[in-house]
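Trainee: I want to learn to read charged pairs in a model. Please take me through them.

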Amino acid sequence: ERQYQWLKDDLAEANKNRDKQPWVMVMAHRPMYCVVASKQMTCDGEQEASRQGIPSGCADEHGNECKPSHSESYDELSADQPTFPMEEIFMNAGVDMMIFGHVHDYERFWPTYNHTVV
């Protein structure tokens, strides 16, 4: 939770400085959108965890982050499970560009929010 709040606060500070540094860019490991055409490198639902977050208590016995199964819907998470959605705070902060890794393929998209071109 502290890291999530730090990011929101940092993006708010960046927006106060737009006259000197007009672009706000974000880099992250897992992409929020993924359309890989190769059978070896498929999108396995991890992009939804990046966009909508995962429950804060979702971890295995070693503390490793886990991800919802493909059958589990984010809409079914209970209200008392904060998920820390990243896409929402990036949209609200007016982030101009996002660069991701993880998928070993080049992809680019129109400005998109919640699977919709904006």
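Trainee: Which residue forms a salt bridge with R51?

Mentor: A salt bridge here is a side-chain nitrogen of Lys or Arg within 4 Å of a carboxyl oxygen of Asp or Glu. R51 pairs with E87, with the closest N and O atoms 2.8 Å apart. R51 lies in helix α2 (residues 46–52) and E87 in helix α3, so the pair ties together parts 36 residues apart in sequence. Helices (H or I, at least four residues) and strands (E, at least two) are DSSP runs, numbered from the N terminus.

Mentor: Now the ground rules. This is a predicted model: local features need pLDDT of at least 70, side-chain atom pairs count only at pLDDT 80 or more, and totals for chains, interfaces and linings use all residues. Residues are numbered from 1 along each chain as its sequence is written, and side-chain values use heavy atoms, with hydrogens and water left out.

Trainee: Is R51 buried or exposed?

Mentor: Buried means under 20% relative accessible area, exposed over 50%, partly exposed in between (1.4 Å probe, protein chains only). R51 is buried, at 2%. E87 is buried too, at 7%.

Trainee: How many salt bridges does the structure hold?

Mentor: It holds 3. One of them joins E13 and K16, with the closest N and O atoms 2.9 Å apart. Both lie in helix α1 (residues 2–16), 3 residues apart, about one turn of the helix. E13 is partly exposed at 47%, and K16 is exposed at 62%.

Trainee: Which residue forms a salt bridge with R18?

Mentor: D96, with the closest N and O atoms 2.6 Å apart. R18 lies in the loop between α1 and β1 (25–28), and D96 in the loop between α3 (86–92) and β2 (97–100), so the pair ties together parts 78 residues apart in sequence. R18 is partly exposed at 22%, as is D96 at 35%.
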